[in-house]
Amino acid sequence: MTRPERARSFGAAADDYDRLRPAPVPAALRWLLPAAEVTVLDLGAGTGLVSRALAARGVADVVAVEPDEAMRAVLAARSPGARVLAGTAEDIPLPDGSVDAVLASSAWHWFDPDRATPEIARVLRPGGALGLLWSFADPTTDWVAELRHIQRADDADDEDSTSGVRAGFTIELPAGAPFGPGASEVFRRRTWMAADDVAAMLGTYSTVLTLTPEERAEVHRRAREVVARRVGTDPVRVPFATAVWRAFRD
Ligand SMILES: C[S@@+](CC[C@H](N)C(=O)[O-])C[C@H]1O[C@@H](n2cnc3c(N)ncnc32)[C@H](O)[C@@H]1O
C-alpha cells in the first residue's frame with residue numbers, strides 16, 4: 001500500500017471514524033488559540049472533530065478543508081456552522097491572508113511539507129498561529145501500548161507520531177518557512193468508552209483500513225481480547241493525549 005493510498009483510506013470508515021476517534025483535549029485548543037481568533041482553518045479536517053470543537057469554543061468562522069468526499073459528507077452533515085471546502089494542504093482554496101489560524105489535526109504527517117508550508121503561510125495573516133496536533137489513546141499506559149502493537153502503529157510512518165507523547169517534541173518546517181520558533185505541549189484526559197468501541201477504534205487507522213477484510217476482523221478480535229484481558233471492565237476508562245505544536249507566522 002503506497003503512502004498516498006494510506007492518506008486517502010479514511011473515507012471507507014468515515015462514520016466509525018467520527019464516532020470512535022478522540023476529539024482534542026479541550027485544554028489543547030485553549031493553548032493553541034490563546035487569542036479570540038475569528039476565522040480558523042481546520043486543514044485535513046476529516047469528519048470535523050476539530051471543526052466542531054472550534055465552534056463549541058466560540059470561533060465565529062470555522063473553515064474546514066478536506067480532500068476526501070466521504071469524510072467531507074460526514075463533516076458537512078454533523079458540523080452545520082462550518083464552511084466546508086474540497087481541497088488539500090498543498091492547494092488550499094482560500095485567498096491570501098484570509099485566516100487568523102490554521103490547525104491540522106492528525107493530518108500534518110500526510111501533507112507534503114515542502115508544498116503545504118508555503119500554502120499555509122499564504123492563507124495565514126501575519127502573526128497568525130499554525131497549530132499541529134495529534135489526538136490518540138495514550139501509549140504510555142501499558143495496555144494501550146499493547147493495542148498499538150496490534151494496530152502496527154509503531155512503524156516509522158505512524159500516523160499518530162509516537163514522538164508526540166514526549167514532552168518537548170519538535171516539528172521541523174522546511175528551511176526558510178516564514179514562521180517564528182515552535183513550542184510544543186502534551187495534554188491528557190481520561191474518557192469512558194464501551195470495550196468493543198475501544199477495539200473498533202483501531203479499525204479507523206490507515207494501517208488497519210488498508211488490510212483485507214479478514215485481516216481487519218482479526219485485528220478487531222485480537223484487540224477485544226487485549227481489552228478483556230488487560231482491562232477487564234466494560235465500559236473502559238481510556239487515557240487519551242493530545243500532542244500540540246505551535247508557531248506564529250512572521
Ligand atoms: C487521520 S485523519 C484526521 C482527520 C481530522 N483532522 C481529525 O483530527 O479527526 C487525516 C485526514 O487528512 C486528510 N488528508 C490526507 N492527505 C491530505 C492532504 N494532502 N491535504 C489535506 N488533507 C489530507 C485525509 O483525507 C483525512 O481526512
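Modeller: Here is a short tour, from the whole chain down to single residues.

Modeller: This is a predicted model, in which local features need pLDDT of at least 70 and side-chain atom pairs count only at pLDDT 80 or more, while totals for chains, interfaces and linings use all residues. Residues are numbered from 1 along each chain as its sequence is written, and side-chain values use heavy atoms, with hydrogens and water left out.

Colleague: How many helices and strands does the protein chain have?

Modeller: Helices (H or I, at least four residues) and strands (E, at least two) are DSSP runs, numbered from the N terminus. The protein chain has ten helices and seven strands.

Colleague: What radius of gyration does the protein chain have?

Modeller: The radius of gyration is taken over C-alpha atoms, and the globule rule is 2.2 Å times the number of residues to the power 0.38. For 250 residues, a compact globule would come out near 18 Å, and the protein chain agrees, with 18 Å. Its C-alpha trace spans about 50 × 35 × 35 Å along the principal axes.

Colleague: What percentage of the residues is buried?

Modeller: Buried means under 20% relative accessible area, exposed over 50%, and partly exposed in between (1.4 Å probe, protein chains only). In the protein chain, 53% of the 250 residues are buried.

Colleague: Let us look at one residue. Where is S9 found, and is S9 buried or exposed?

Modeller: S9 sits in the loop between α1 (3–7) and α2 (14–20). With a relative accessible area of 11%, S9 is buried.

Colleague: Which residues is S9 in contact with, leaving aside its neighbours within four places in sequence?

Modeller: Contact means heavy atoms within 4.5 Å. Apart from those neighbours, S9 touches S206, L209 and T210. A polar atom of the S9 side chain also lies 2.7 Å from the backbone oxygen of R6.

Colleague: And what should I know about backbone angles?

Modeller: Most residues other than glycine have a negative phi, and most peptide bonds are trans. S106 has a positive phi, near 50 degrees, although S106 is not glycine. S106 lies in the loop between β4 (99–105) and α6 (113–123), and counts as buried at 13% relative accessibility.

Colleague: Which residues does a cis peptide bond join?

Modeller: That bond joins D234 and P235, with omega about 10 degrees. You can find P235 in the loop between α10 (213–230) and β7 (236–248).

Methods
A polar contact is a pair of N or O atoms within 3.5 Å; within protein, one must be able to donate a hydrogen and the other to accept it, and residues adjacent in sequence count only if both atoms are side-chain atoms.
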